[in-house]
Amino acid sequence: MDFSAVNTVWVLVGAALVFFMQAGFCILESGLTRAKNAGNIIMKNLMDFCIGTPIFWIIGFGIMFGSSSAIFGGIDLFTRGDYSAVTPDGVPFYAFFIFQTVFCATSATIVSGAMAERTDFKAYCIYSAIISLIVYPVSGHWIWGGGWLSELGFHDFAGSCAVHMVGGMAALIGAAVLGPRIGKYDKNGKPRAILGHNLTMAALGVFILWFCWFGFNGGSTVAMEGLTNAADGSEMTMGALAGSVFSTTNMAAAVATVTTMLFTWIRYKKPDVSMSLNGTLAGLVMVTASTDCIDMYGAAIEGIIAGIAVVLVIEFIDKVCKVDDPVGAVGVHFANGLLGTICVGLFSTGQNGVGAGLFYGGGFKQLGIQLLGVVTVCAWVGVTMIIVFEVLKHTIGLRVPADIEIKGLDYAEHGLASAYSGFEFAANDLTIASDDEIEVFGSEKMENAVPAVVKTSPEKENKITKVEILAKQSKFEKLKKAMNDIGVTGMTVTQVLGCGTQKGAPEYYRGVEVDMQLLPKIQVEMVVSKVPVADVIDAARKALYTGHIGDGKIFVYDVEDVVKVRTGETGYDALQGADD
């Protein structure tokens with residue numbers, strides 16, 4: 001068989017760009033979550049692709065493209081069958097195979113962000129494998145492998161439904177079954193903002209994804225040679241179609257971003273940066289199904305819809321459904337994947353063999369087919385993933401224990417003290433839980449511990465004492481509340497690295513033991529005079545105690561004098577009144 005070098009190179013370049021989307025998702029998700037989980041995010045995005053690749057080769061590809069049956073492709077272990085009927089003209093099989101593999105990996109990686117910061121790594125690897133094994137290939141067969149939806153005329157050019165809605169639906173189910181992160185909602189169900197640690201990183205992730213989307217959508221023409229039909233019934237080259245795809249993809253993303261910026265400016269009184277980044281991705285997801293069959297006007301309108309929808313859906317999921325989605329994956333991928341698929345039935349111009357949409361004189365036929373497709377794919381993914389997540393939840397466990405979640409998955413799951421060795425930690429990583437939402441204790445009871453003995457110099461009037469506490473970062477909220485309860489409201493908090501004489505738990509790098517492991521700690525300094533020092537020590541020990549090595553130290557110092565800069569007051573008086 002003669003192959004086209006131009007078409008082959010085009011497909012391979014597209015595959016490479018889609019693969020690089022893994023990098024975009026990795027740093028986007030890392031930036032929008034907390035630093036203590038960055039290594040875990042990296043590992044999950046790495047393993048999505050590395051687990052999905054052999055599984056898709058062993059069985060997934062055969063299920064997706066193995067035959068022209070309506071429901072199920074077929075079992076073809078190690079992809080040894082004849083796929084000439086589905087391989088694009090002029091393109092070698094393995095060029096088409098790797099192109100489809102990277103699409104499969106993209107669908108699986110969407111789930112990572114919505115379930116970030118509390119998912120057990122073993123469970124994650126299993127359900128990611130199942131998505132590549134059966135969930136994505138079955139619905140992909142219906143849409144792209146000659147199944148019943150493709151026979152009806154359902155159109156999803158590059159995967160608004162097949163990739164993004166599937167991944168987004170799995171993310172929604174997973175986040176709902178998993179439950180919210182500790183501290184995300186207060187006792188009344190009001191959501192709290194848990195800020196990502198690096199917005200610059202998140203922005204870079206979005207720019208990488210935008211760049212790679214030209215391969216995601218443009219590469220889906222799978223040809224640069226040959227002809228297809230234009231909206232007016234004439235013929236146009238595949239190169240012209242690719243140019244149109246690039247332009248409509250870019251237009252939808254840009255308009256969606258501007259729309260989200262303006263919408264949040266009106267809604268929040270300030271243009272929201274992180275939501276605008278989500279708006280860019282929402283526009284890209286929205287246009288992916290229809291980018292080959294719409295004009296620039298349709299792309300702009302889809303961008304407006306996406307820019308508003310992403311904000312409303314993220315708010316709805318967060319505030320009404322109480323589903324904790326740290327990166328907004330459900331609003332971006334599920335909602336806009338669904339809406340983008342439906343938009344084919346509204347804005348299709350009738351080019352590239354697609355039926356004209358409602359607003360272009362095509363009536364309701366194409367719209368009805370698109371609606372049927374999204375409903376059935378949602379049902380398939382929803383039912384399948386509920387079963388998968390519930391089975392994992394009640395067997396090996398879907399969620400990490402509370403103490404591991406508080407410490408961060410990097411250390412507990414991967415033995416990584418920090419993904420940012422040598423850098424300071426984000427302040428919001430300290431705010432983990434509120435009040436009494438969580439109690440984490442060791443195996444020993446506080447009553448069995450050696451009682452504190454406070455040795456002080458002979459009492460003098462209005463004695464001033466400095467109390468310095470070194471403790472685990474995860475205990476900060478509990479310590480802060482304990483101090484507030486006994487009347488200590490002034491403190492200075494510093495993030496530090498350190499270890500005691502035991503040098504910390506063993507840490508290895510490339511198999512070599514690190515001499516000394518410096519763990520992230522907090523240093524809390526308080527100067528007290530009105531509150532008895534013994535009360536401060538007792539309250540601090542109760543808040544910090546677990547019974548394990550690393551609970552921390554409390555240091556007590558006599559203070560000779562204090563001077564308030566603003567008023568010149570000294571001693572006891574300088575510590576009273578409003579803080580300076």
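The protein chain of this predicted model comes to 17 helices and eight strands. Helices here are DSSP runs of H or I with at least four residues, strands are runs of E with at least two, and both are numbered from the N terminus. Residues are numbered from 1 along each chain as its sequence is written. Local features need pLDDT of at least 70 and side-chain atom pairs count only at pLDDT 80 or more, while totals for chains, interfaces and linings use all residues; side-chain values use heavy atoms, with hydrogens and water left out.

Of the 580 residues in the chain, 54% count as buried. Buried means under 20% relative accessible area, exposed means over 50%, and partly exposed lies in between, with a 1.4 Å probe and protein chains only. Where contacts (heavy atoms within 4.5 Å) link residues at least 6 apart in sequence, 78% of them join residues at least 24 apart.

I turn next to two individual residues. Asp-324 sits in the loop between helix 10 (296–320) and helix 11. Is Asp-324 buried or exposed? Asp-324 is buried, because its relative accessible area is 1%. Its side chain makes a polar contact with the side chain of Arg-181, at 2.7 Å. A polar contact is a pair of N or O atoms within 3.5 Å; within protein, one must be able to donate a hydrogen and the other to accept it, and residues adjacent in sequence count only if both atoms are side-chain atoms. Leaving aside neighbours within four places in sequence, the residues in contact with Asp-324 include Ala-114, Arg-118, Lys-184 and Tyr-185.

Thr-101 belongs to helix 3 (residues 93–114). Thr-101 has a relative accessible area of 3% and is therefore buried. Beyond its neighbours within four places in sequence, Thr-101 is in contact with Thr-53 and Phe-56.

Now to the cysteines. A search of the whole structure finds zero disulfides, a disulfide being a pair of cysteine sulfur atoms within 2.5 Å. Cys-104 counts as buried because its relative accessibility is 1%. Cys-343 is also buried, with a relative accessible area of 4%.

Finally, the lining of the largest cavity. Which helices each supply at least two residues of this lining? They are helix 1 (5–31), helix 9 (273–287) and helix 11 (329–347). Among the lining residues are Phe-25, Glu-29, Asn-278 and His-333. A cavity is a set of points, on a 1 Å grid over the protein atoms alone, where a 1.4 Å probe fits but cannot get out; lining residues have an atom within 4 Å of a point.

Conventions. 1 Å grid on protein atoms, 1.4 Å probe; cavity = no way out; pocket = protein on both sides within 12 Å on 5 of 7 lines; lining within 4 Å.
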